[in-house]
Amino acid sequence: MPLSDQAYMARALELARKGLYSTHPNPRVGCVIVRDGQIVGEGWHAKAGEPHAEVHALRAAGNRARGATAYVTLEPCSHFGRTPPCANALIEAGVARVVAAMQDPNPQVAGQGLARLAEAGIEVACGVLESEARALNVGFIKRMVRGLPFVRVKLAMSLDGRTAMASGESQWITGPAARAAVQRLRAQSSVVISGADTVLADQARLTVRAEELGLNAELTALAIDRPPLRVLIDGRLRVPLDAPFFQAGRTLVATCAVASARQRYQEEGHELLAIPHAHGHVDLRKLLQELAGRGANEVLVEAGPKLAGAFARAGLVDEYQLFVAAKFLGSSARPLLDWPLARMAEAPQLKITDMRAVGDDWRITAVPVASA
């Protein structure tokens, strides 16, 4: 494999990351067009309904695309969606070679884009920096392959593993830098989920706040233009409609309550979705399936120990984002997860994939071993 292939694909991935906060439900994709050892066109997909990365790059390249190599972080699409097929655009532009980081997991594409290019006489290669490309679109891949979104659980805790005082007081365990990192986690998510306990105790809104993102003006504008859907799990409809959470914008409420309350929520601009479980709680897996059906790639759970523990016990967590503050909250404070375990053998094993300082706090990324 020529080293240049990796270098140009790395640039394409850098471009794709610009769509981290805005492409949902589409994947994040970047494209670089190279001719005679020079980059002649670049592009990235900004948001659904707008031109794909290949189209932007081809427009920038113009006539210089003829005989060039196109580096794309995801197989060019071969079907008509909101925009025409990118495979066709590359063929019409006369590129000589297309290098893709990975095959598109979308069943509507799934190799057909690369096959169409090859049939047109274009040299095709796939698999350059594939692991990096897959990491950029873990949610899109999981939704296409398994019909579920990628689930992150965000937790803030003290060094002794506590999330709030016994009274429920929890603001603020961590500092401004950690809170800004959480804002970016929200912004890159399709959906943010919380529970009634958290919303009532903290008067939480769970919105994306532009001034706390720490992004440049272009990315901030894209993030604010595509806020995540806020989902409240409220089995008994305990959170009043005049709560700050509802006043902050449209909300989807997942509940076990009867559908007769639906009109009252609709009149306030919200949606009520009844997803009861046999044990009297909201069926979390069915909720995730419903969200995936609506195009959700990545879900961020920001909740207290009960709801976070419920996701964990159900085996629905793909990744934990743990923010650790250098303080103790004491033995009477609330635990990280409501997950009673009797024996060491029952303890779920995690793999820490990243650990770094965030201001005065630490951020740990960990995944269940089965997922890893």
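This is a predicted model: local features need pLDDT of at least 70, side-chain atom pairs count only at pLDDT 80 or more; totals for chains, interfaces and linings use all residues.
Reader: How are helices H2 and H3 oriented to each other, roughly parallel or roughly antiparallel?

Author: Helix H2 covers residues 53–61 and helix H3 covers residues 86–93, and their axes lie 9 Å apart at an angle of about 20°. Angles under 35 degrees count as roughly parallel. The orientation of H2 and H3 is therefore roughly parallel.

Reader: Which residues of H3 does H2 meet, and how many residues of that contact are charged?
Author: H2 passes H3 in a left-handed crossing. From H2 come Glu-54, Val-55 and Leu-58, and these meet Cys-86, Ala-89, Leu-90 and Ala-93 in H3. By class, the contact of H2 with H3 has six nonpolar residues and no polar ones, and the number of charged residues is one.

Reader: What is the orientation of H3 relative to helix H4?
Author: Helix H4 spans residues 112–119, and its axis comes within 9 Å of that of H3, with a crossing at roughly 20°. Since angles under 35 degrees fall into one class, that crossing makes the orientation of H3 relative to H4 roughly parallel.

Reader: What is the handedness of the crossing of H3 with H4, and how many polar residues are in their contact?
Author: H3 passes H4 in a right-handed crossing. On the H3 side the contact is made by Ala-87, Asn-88, Leu-90 and Ile-91, and on the H4 side by Gly-113, Arg-116 and Leu-117. By class, the contact of H3 with H4 has four nonpolar residues and one charged residue, while the number of polar residues is two.

Reader: How many aromatic pairs does the structure hold, and what is the geometry of the pair of Tyr-8 and Tyr-71?
Author: The number of aromatic pairs that the structure holds is three. For Tyr-8 and Tyr-71, the ring centres are 5.3 Å apart and the planes stand at 40°, so the geometry of this pair is tilted.

Reader: How many residues apart in sequence are the parts that Tyr-8 and Tyr-71 tie together?
Author: Tyr-8 counts as buried at 16% relative accessibility, and Tyr-71 is buried too, with a relative accessible area of 3%. Because Tyr-8 lies in helix H1 (residues 3–16) and Tyr-71 in strand S3 (residues 69–72), the pair ties together parts whose separation in sequence is 63 residues.

Reader: What is the geometry of the pair of Phe-245 and Phe-246, and which residue forms one aromatic cluster with them?
Author: The rings of Phe-245 and Phe-246 have their centres 6.0 Å apart and their planes at 85°, so the pair is edge-to-face. Both Phe-245 and Phe-246 are buried. The residue that forms one aromatic cluster with Phe-245 and Phe-246 is Tyr-265.

Reader: Where does Trp-339 lie, and which residues does it touch?
Author: Trp-339 is placed in the loop between strand S14 (334–335) and strand S15 (350–358). At 24% relative accessibility, Trp-339 counts as partly exposed. Not counting residues up to four places away in sequence, the residues touched by Trp-339 are Ala-312, Arg-313, Tyr-320 and Pro-348.

Reader: How many Å apart in space are Ala-7 and Leu-129, C-alpha to C-alpha?
Author: Ala-7 is found in helix H1, where Ala-7 is partly exposed with a relative accessible area of 45%. Although Ala-7 and Leu-129 are 122 residues apart in sequence, their separation in space, C-alpha to C-alpha, is 9.6 Å.

How values were computed:
Residues are numbered from 1 along each chain as its sequence is written. Side-chain values use heavy atoms; hydrogens and water are left out. Axes are lines fitted to C-alpha atoms, for helices over the stretch in contact, and angles run from 0 to 180 degrees between N-to-C directions. Helices (H or I, at least four residues) and strands (E, at least two) are DSSP runs, numbered from the N terminus. Angles under 35 degrees count as roughly parallel, over 145 as roughly antiparallel, 65 to 115 as roughly perpendicular and the rest as oblique. A crossing is left-handed if the near helix is turned anticlockwise from the far one by less than a right angle, and right-handed if clockwise. Contact means heavy atoms within 4.5 Å. Ala, Val, Leu, Ile, Met, Phe, Trp, Tyr, Cys and Pro count as nonpolar, Asp, Glu, Lys and Arg as charged, and the others, Gly among them, as polar. Rings of Phe, Tyr and Trp (its six-membered ring) pair if their centres lie within 6.5 Å; planes under 30 degrees apart count as stacked, over 60 as edge-to-face and the rest as tilted. Buried means under 20% relative accessible area, exposed over 50%, partly exposed in between (1.4 Å probe, protein chains only).
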